[in-house]
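Please examine the sequence and the structure shown here.

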Amino acid sequence: MAKKKIEPHPMENILRMDRIPHIWCPACGIGTAVTSFASALEKLKVNLDEVCVVSGIGCTGRVAGYTKVDSFHTTHGRAIAYATGVKLGNPKMKVIVFSGDGDIIAIGGNHFMHAARRNIDITVICVNNFIYAMTGGQVAPTTPLTAYATTSPFGNIEPPYNIPRLAEACGAVYVARWTALHVRRLTNSIVEAIQKPGFSVVEVISPCAQYYSRINRLGDGLDMMRFYHDNAVIKHNEPTENLDIDYQKQIIMGKFIDREKPTYIERYNEWLSESKPKKK
Amino acid sequence: MAFGIEAEKEVIMKANKKDVLTGSYYIDGDVAAAYGAIAAGCKFVGGYPITPSTEAFEAFVHRAPYVGGITIQMEDELGSIASILGAVWSGKKAMTITSGPGFSLMMENIGLGAMLETPFVLLNVQRSGPSTGLPTQAGQADMMQSRWGANGDYEIIAISPDSPQEMFDYTIKAFNLSEKYRCPVMIMADECVGHMTEKVVVPEADKINIEPRRFYKGPKEKYLPFKPDKDLVPPMAKAGDGYKLHISGLTHDEKGYPTFSQTPDTKRLVDKIRLNADKIIELNEDEIDDADVVVVSYGITSRVAIRGIEQARAKGLKVGNLRLVTVWPFPEKRIAELSKKVKAFVVPEINYGQIVYEVERCAHGNANVVLVPHGGGFVHNPEDIFKAIKYAAQEKKKVEGIIEHKTELYRLIHEKNS
Amino acid sequence: MKANSKGVLTGTHNLSGNEAIIEGAFAAGCRFLGVYPISPSLEATDRFLQRSGEVDATFVQMEDEISALAAVLGASWTGKKSMSVTSGSGLSNMMEHIGLGIMLQTPCVIVNVQRTGPSLGIPNGVAQGDTMQARWGSHGDYETIVLTPNSPQECFDLTIKAFNFSERFRVPVLLLTDAYIAQKKTLVKIPPTKDLKLISRKLFKGAKNKYLPYKNDKNLVPPMVNVGDGYRFHVTGLTHDERGYPVMTSECQEACVRPLMEKITKYQDEIIEYEEVETDDADVVVISYGATSTVVSKAISLAKKDGIKVGSFRLITIWPFPEKRVRKLAQKIDAFVIPEINFGQIAFEIERCAAGNCNVFFVPILGGGLPTPEDICKSIIKASKEKKKIEKLIEL
C-alpha cells in the first residue's frame, strides 16, 4: 500500500505537534480559544521567538504546554505575577497570560487587580467556563447565581464577578469579551489586545460540556454553541456595569474598553531617566 | 486556682446523634474524613478545590446543611485556612482540606494558628511533589514540611491514617487532640488512602468520645486569653461572648498584647506538645519484642510494608512492625529504646528520606538505619521492602549514616543508562 | 567570568548587613529585585532602589511575597540574575514558589532576614527560627543551598557566593541572615572588579531544534536558555521529561526529581563551608551560626579561663548540612553545645549526626535579643562537667 502523505497541520508552526492529542474534552471551548490565539499570532506576523505564554493551573492552564513559543506552566493563580517578571526582565517580549477564570479571578485575583493597576504590558486571555473543571466541577467566582456545582449542590449563592467590570475598575486599557462561537471576532480582539500597550484583557466564554453543562443539564457542546448563537449579543462600548452574566440569560459581548495609559515600563524608564542625572 | 477548668478533670462528651451517620459504608478515605469531621462536631470547612483532596470537601459541603454546618469555598488556600481560624474563634470547630501546593500556601497561617493557639484540623491528602508534581498520585513528601514549614518555632500534631476507616476514626481523634492542646492538628493522609474505597463502620454516637472546647468559665474581667492551666494550655473564649479579647500574631503576653522580647512563657508553644508527647503519641506495634529488624512506616506505606514483612518472616527473619500513627510529635523515646535492642530499622516512605532522619537521630548510632525511598507516583513494591529487610538482617557492621536501599525503580532508571 | 564594573562599588564602605547584601548582589551581576516590604529587610530594598539607576537594574514591588518570588522566577528566565528579599512570614508565603523554582530549576537568590516567630512574632527581634523551614518548607522532596553570614562583610561575600551557586546548580539559594546582622553596620571591603570570581548559568549553544530544556549534562544540571532567544521551550511545575512535558508516571518522577537532589548532594563538598577554631584537642565544641556566633568567641575565651578545652565550629553553609565533619568531630569530643535563638532546630540535626558518640547540649535563647557570653559560658561549663553519656538532646 502506498504511504499516504500526511498533510501538515495548518498551525504546525504555532502548536507543539509533539504533544497532540491534547487533554481537553470533546466540546470544550479552550481549543477554539487557542486556535483564535494562534490565528491572531499569524495575523500579527510577530516574531514568534518574542512571544511568551504563561499559564497557571487548570484546564486552560495547560495551554502553555501546547503553544510552540517560550511557555511556562506555573503555579495556581500566579501566572500574572510570573508574567510580570518575564515582561520586566525582557521588555521586548510579548507576554500572554492564558489561563482560566478560577486561576485568574479567584486565586490569582489579587495579581489581576495589581497588574491592571500597574498597567503591566501583558495580555490576559481568560477562558471563562463558569466552573473549576480540572478538579471536577467546583463552584468558581464566575459561576452564575443559582447554577449548580459540586460545591454548590443547592445552587450557587455567591454573586459572580463581572470580569470586564473588574478589569475596567482596576485600570485595564483594553477589555473585550467573546464566546467560543465568535472565533473571527475573538481573533481580531486578541490581535488588538496584543498590539495594545498596557494591560489588556480578553474574556472568552467557553462551554464545559463535561462539568458545567452536565451538572446543570444544559446539553452537550453543540447545545451550548446554539445557546451562544441565540443569546449572545454584540454591544461594543457597553458600560461594563451592564455586563453581568446571569444563569442562561443574555450574554453581552464586544469591545468595551480601549483607552490610553502609560505602561509600567514607560513610567519606570521615565523615572530612571529623571533620577540618573541627579546622581552624577 | 480561682478560675479556669482544672486540666486533670477531663470532661468527656459524646458525639451528637444528629452528626453521626451510624452504619457501615463503602466509601473512599476522603469522604470518610468528612464524615469523621462531622461526627466530631466540625461545623465549618473553608476549602479550595485541589486534587486529590476535593472529594473530602465535596462530601462535607453536601452534608453540612443537615447538621447545622456551613462551608465556604474561598478564593485560594491562604483564604481557606484564614477563614477557618476566624471560624474557630467564633466558637466553631473547623477544618480545612488541601494537598501539596495548597499546603505550601497555607504555611503563613499555620504559623498564625500555632501562635494564637487556635485548635483546628488540617487534612492534607499528600500527592507527589515538588511544585505541581504528580497531582493525581500518591506521595508522602510533606512530612517534614508539616513540622517545619512555617517561620519560627512551634509544634504541631500530625497523624497519618492508612485506611478509610482510619480516616474516619483519626479525624475525630484529630479534633479531640486539637481541642485538648489548642494547636493545629494535621491529618497527613495520601492520595492512596484518600481515594481508596473500603468498608467504613460508623459507630453509634454514644460510642464516640468528643473532647469539648476548654472554655473559660471565670469572671469576664479576669480573663487572660493566654494564661495557661497546669498542662500549659490556656482556656479559650470566643468572639461575641463579651470578653473583648485581643489576640495577635505578634509575640504576646498573657493578655494577648504585643511584647518586644520573648519571655520564658513563649516557649510554652513548643513545651505544651513536647512535655505531653507521651499522652499524644499512638503507635501500632507488631512482633517487636524479639525482633532483629524493625520496619518503621506510616500511612499507606505501612500497609504495603506488611507484605514485605510477611515475606521476610516466611524466610525466618525476625521482623517487627512499628507503625507511626502519630508522626509528630515524633516517638523519640520508643525509637531510642528499640535502637538498643534491634540490629536495624528499615524505613520505607514515599519520598527520598524525611522521617528516616528522625529515626536516625533517635537511634543514636545504636542500630543501622535503612531507607527505602520511593519518589512518588505509586506505592512501594513490597519486594523492595523485603530485600531491604533481608539486607538489614544480614549486615553485621555498624554503618554510619543512613543506608539507602537501591530499589528496582532506581536501578531501572539510573543504572540502565550508565 | 568577571564582574561588570558598573555594579562593583570597589573600596571600603560603612555598610549594614542589608546594604552589603545588595552591594554583593550588584557585584555578582544581579539586575532584578522583586520584593514585598517587610521588616527588618527594608534597608536592602532601599539600597537597591537608590543604586538601581546607576547599575541599570530593574525593581518591582509586588502585591505580596507570593507574587514577588513569582516575578523573580519569571525575570530569571529572561537571563537576568534575580533576587528577592524578605523576612519571617514573607518566607512562609514564598514556599510554594520555592518549590516551583526547584522544579523548573530556576536560578535565583532569596534573602531571608530572620525575625522572631512564629507568625508575626517580633518584627525587629533577632531570631534563628527559620533554619529548618529553609530546608523543609515547601512540599515534596528537594535539596537546597542555604548560607548564613555573621557579619556585613560576609553578607557581601556570601551573596556573591549565593549567586554563583544558584547559577551553577540552577537552584534558588537562600541567604539566611537575621535582624542583628542585617542592621549592624561595619566597614565592608569591596574588592576591585577583576578580583571577583563570578559564575553564570551555562547556556545552551546547540541547534535550536535540538534543545531539550531538562536534558542534564554530566553534572546533572541542564543548560539553560533565555526567554526570547528563539528556543520556544516549555517548562512546567508538573513532573516532566527531558522535553519539559508532563509525564504522570513514577518512572518519570524518579528520573526527574532525584537528580534535583543529587545535583547538590553530589557536590556538597564544594558547597559546604564552615569555620573551625581549636577543635583539634577540644573536649567541648560550640556549634553556632549567624548572630549567635558573634557572641561565641567571647564565651569560649571565658570558658578557657576555667580550664575547659573548648573549640568553635561555625556553620557558614547550613544546608547541605556539614554532616561528615560533624560526625568526625563527634567521635573525638565529649560534647557539643549548640546555642540557637530558637527552641531547637539545627540541634536536632547535630543530635542525628552525633550518632550517640558524644553528648549534645542545646541552649535555647529567647528571640528578640542576643545571648550574653556569660550565659553561653555557663552552658559550656555545665556541658563539660557531664561525664555520663546521655542519649537524648539535653536542653540547658
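Helices and strands are DSSP runs, numbered from the N terminus, with at least four residues required for a helix and at least two for a strand. In these terms, C:Ser76 is found in helix H3 of chain C. The model in which this residue is placed is a predicted one.

Is C:Ser76 buried or exposed? A residue is buried if 20 or more other C-beta atoms lie within 10 Å of its own. C:Ser76 has 31 C-beta neighbours inside 10 Å and therefore counts as buried. Not counting residues up to four places away in sequence, C:Ser76 touches C:Ser82, C:Thr106, C:Pro107 and C:Cys108. A further pairing spans 46 residues along the chain: the C-alpha atoms of C:Ser76 and C:Cys30 are separated by 9.8 Å.

The helix that holds C:Ser76 comprises residues 65–76 of chain C, 12 residues in total. From its first C-alpha to its last, H3(C) reaches 16 Å, close to the 16 Å expected at 1.5 Å a residue. H3(C) is mostly covered, with 12 of its 12 residues buried. Among these buried residues are C:Glu65, C:Ile66, C:Leu69, C:Val72 and C:Leu73.

The domains within chain C come next. The domain assignment of chain C gives domain 1 (5–195) and domain 2 (274–395), and their C-alpha centres lie 28 Å apart. In the contact between them, 24 residues of domain 1 of chain C meet 21 residues of domain 2 of chain C. The elements that give two or more residues to the domain 1 side are H5, strand S6 (145–147), strand S7 (172–178) and helix H7 (179–183) of chain C. The largest share of that side, 4 residues, comes from H5(C).

For chain B, the domain assignment gives domain 1 (13–210) and domain 2 (284–415). The centres of these two domains, taken over C-alpha atoms, are separated by 28 Å, and 24 residues of domain 1 of chain B are in contact with 21 residues of domain 2 of chain B. By class, the domain 1 side of this contact has 13 nonpolar, 7 polar and 4 charged residues.

The largest nonpolar core has 350 residues, and those with the most contacts inside it are B:Phe345 and B:Val346. Leaving aside its neighbours within four places in sequence, B:Phe345 is in contact with several residues, including B:Val294, B:Val296, B:Val359 and B:Val369.

Some backbone features remain. Most residues other than glycine have a negative phi, and most peptide bonds are trans. The peptide bond from C:Gly117 to C:Pro118 is cis, with omega near -5°; C:Pro118 is placed in the loop between strand S5 (108–114) and H5 of chain C. The peptide bond from C:Trp319 to C:Pro320 is cis, with omega near -5°, and C:Pro320 lies in the loop between strand S13 (317–319) and helix H11 (323–332) of chain C. Phi is positive at A:Lys45, near 55°, in the loop between helix H1 (30–44) and strand S1 (51–55) of chain A. A:Lys45 is exposed, because 7 other C-beta atoms lie within 10 Å. C:Glu278 has a positive phi of about 50° and is partly exposed, with 13 other C-beta atoms within 10 Å.

Technical notes. Residues are numbered from 1 along each chain as its sequence is written. Chains are lettered from A and ligands numbered from 1 in the order in which they are written. This is a predicted model: local features need pLDDT of at least 70, side-chain atom pairs count only at pLDDT 80 or more; totals for chains, interfaces and linings use all residues. The expected span of a helix is 1.5 Å times one less than its number of residues. Domain bounds come from an automatic or database domain assignment. Two residues are in contact if their C-beta atoms, placed from the backbone, lie within 7 Å. Ala, Val, Leu, Ile, Met, Phe, Trp, Tyr, Cys and Pro count as nonpolar, Asp, Glu, Lys and Arg as charged, and the others, Gly among them, as polar. A nonpolar core is a set of buried Ala, Val, Leu, Ile, Met, Phe, Trp, Tyr and Cys residues joined through C-beta atoms within 7 Å.
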